[in-house]
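Subject: Structure handover

Hi,

Here is the structure I promised to pass on. Have a look at it first, and then read on for what turned up when I went through it.

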Amino acid sequence: MTALSPTITVVGAGLAGSEAALAAARLGVRVRLHEMRPVKMTPAHRTGNFAELVCSTSLGGEGEMQAKGLLQAELRSVGGAIVGAADASRVPAGNALAVDRDEFSARVTRAVREHPLIEVVPGEVEAVPEGIAVIATGPLTSDALAADLMRLTGSERLSFYDAAAPVIAFESINLDVAWRAGRYEQSADYLNCPFTREEYLRFFEALEQARAHTPHDWEKLEFFEGCMPIEEIARRGVDTPRFGPMSPKGLDDPRTGRWPYAVAQLRQEDAGGRMWSLVGFQTGLKWGDQKAVVQLIPGLENAEIVRYGVMHRNTYLNAPEVLDSTLALRADGQKFVAGVLAGTEGYLESAATGWLAGTNAARLALGLAPLTPPAESMLGGLTRYLASANPRGFQPMNVNWALVPELPAPEPGPNGKVRKLGKREKRPPMFRRGLAAFMAWAGEEAGLSVTPPAVPQPEEDALPVLR
């Protein structure tokens, strides 16, 4: 490379930032990578290494049944650095891709520091850099940089101990119980799950007994009243939820013509109506307890939770308001955002958006247009969701099958009826369709070197493993 090679800036050397820097450098673009650790540490990190895993050591479930398995395969096909380091430092974990925490971080750190096109600059960045840049500073983005992002985007910064509500796959909702309606004369934009008094008291007892998530010592519980977890609301009394987010007022059950004793409402989460979030059910309950409580809601007995409610300090942008599906800011097309700051949840999702942001930043530096992966791919589904989700109450998202289009409906049988495919019938072909679309896009449209990945297939593919 000559001294005239274009240069981009990457801020943050977590999973997203490290992947972004290596993806850009792979395209021949010089990278100036800023990382404040170890000059300035965060309450969550313990080392100055890059891509340090501060919570779980799992990058999600593997195989054709898994949404994360498809995203892993897409990244393997283009030589993604994070999934490559994970494969090289994996430890036994059943159906999941889990790693040795220290070996994984050491591998990523070596790859970044030894790359001839990457210059590591220690120290904190307090303002959005000039020129082409990727911002990947994660959930602990500094106050100064977050404020400058607010100024640039004109959008509010969401940074507090937030509690997100569970998101349910539409196909798992029992529509013989739940019905679509709005309160009084409002449009029918909600699904409503009605409780009898006995069902409500059973639900409330389970909610009281559920074990609440205990944050790290460095976290302080400072909730906004409008984002109060449902378990906190319940502590104020047995009737508090049903006079709050579970109020039945204005909702006539079509089976009885009367208001139920209480109602749990679901609001559409994505443009296609494949995912629905529980309104007012922000929660920090442990996932096992959370699932048990949710499945006590009438109509959600078999609910598939595609994103569990979480509670933690989190700084992120309202992606649907400010991001394009290329991960560029709408207010400044030279600035890309990746990782948790872009509205993702999970290690693998951070790495994947880092890869796309780094690739697109490099393309822009080389005079090429940024790209969006195809809708059938998991990365394309995720970035399209970030750009088009409902901005009201937006919360970070894990990858899941509801992000990609359904398969075409099967031909009707001899009786004229269309048989509904089960998960084990439709997910492997959705996996293969998504991977083929991604590889064709990466090779033909993006002009990248693509290698068909080996896809691990556990003996018994489980349902999605979430981190």
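Leaving aside residues up to four places away in sequence, Ala 13 touches Ser 18, Leu 33, His 34, Glu 35, Arg 37, Phe 50 and Ala 51. Please keep in mind that this is a predicted model. Ala 13 sits in the loop between strand S1 (7-11) and helix H1 (15-26), and at 0% relative accessibility it counts as buried. I picked that residue on account of its annotation: an unreviewed UniProt entry places the feature "binding site" at Gly 12, Ala 13, Gly 14, Leu 15, Ala 16 and Gly 17.

Leu 15 is another residue from that record, and it lies in helix H1. Its relative accessible area is 8%, so under the 20% cut-off Leu 15 is buried too. What does Leu 15 touch, not counting residues up to four places away in sequence? Its contacts are Ala 51, Glu 52, Leu 53, Ile 82, Phe 104, Tyr 347, Ser 350 and Ala 351. Ala 51 turns up in the contact list of Ala 13 and in that of Leu 15.

Now for the sheet around there. Six strands form an open sheet with mixed pairing, in the order S6-S2-S1-S7-S17-S16. S6 and strand S16 (328-329) are the edge strands; each has a single partner strand, so one side of each has no neighbour in the sheet. S2 and S6 are paired in the parallel sense, over five bridges, and Glu 35 is found opposite Pro 122 in S6. Glu 35 is also one of the contacts of Ala 13.

- H1 lies across S1, S2, S6 and strand S7 (133-135), and runs at about 165° to S2.
- Helix H10 (residues 347-365) packs on the sheet as well, where it touches S1, S7 and strand S17 (332-337); the angle between its direction and that of S17 is about 150°.

On to charges. Side chains of opposite charge can pair when their charged atoms come close.

Arg 32 and Glu 119 meet through their side chains in a salt bridge, at 3.7 Å from N to O.

Next comes Arg 76 with Asp 87, where the closest N and O atoms are 2.8 Å apart. Arg 76 belongs to helix H2 (residues 67-77) and Asp 87 to helix H3 (residues 81-88), eleven residues apart. Arg 76 is buried at 16%, whereas Asp 87, at 26%, is partly exposed.

Then there is Lys 423 with Glu 304, whose closest N and O atoms are 3.3 Å apart. This pair is 119 residues apart: Lys 423 is in helix H12 (residues 423-445), and Glu 304 is in the loop between helix H8 (287-294) and strand S14 (305-307). Here Lys 423 is partly exposed at 28% relative accessibility, while Glu 304 is buried at 13%. There is also a network: salt bridges with shared partners join Glu 62, Arg 76, Asp 87 and Arg 90.

Last stop, strand S11 (residues 190-195). Is S11 largely enclosed or open? Six of its six residues are buried, so S11 is largely enclosed by the rest of the structure. In a regular strand the side chains alternate between the two faces of the sheet. In S11, Tyr 190, Asn 192 and Pro 194 point one way, and Leu 191, Cys 193 and Phe 195 point the other way.

S11 has antiparallel pairings with two strands. Strand S10 (residues 179-181) is joined to S11 by three bridges, with Trp 179 opposite Asn 192. Strand S12 (residues 262-268) is joined to S11 by six bridges, and there Leu 191 stands opposite Leu 266.

Cheers

Methods:
Residues numbered from 1 in each chain as written. Predicted model: local features only at pLDDT ≥ 70, side-chain atom pairs only at ≥ 80, totals over all residues. Heavy atoms only, no water. Salt bridge = Lys/Arg side-chain N within 4 Å of Asp/Glu carboxyl O. Helix = DSSP H or I, 4+ residues; strand = E, 2+ residues; numbered from the N terminus. Buried < 20%, exposed > 50% of the residue type's maximum accessible area, 1.4 Å probe, protein only. UniProt positions renumbered as here; feature names shortened; annotations may be inferred. Contact = heavy atoms within 4.5 Å. Pairing = 2+ DSSP bridges. Axes fitted to C-alpha atoms, helices over the stretch in contact; angles between N-to-C directions.
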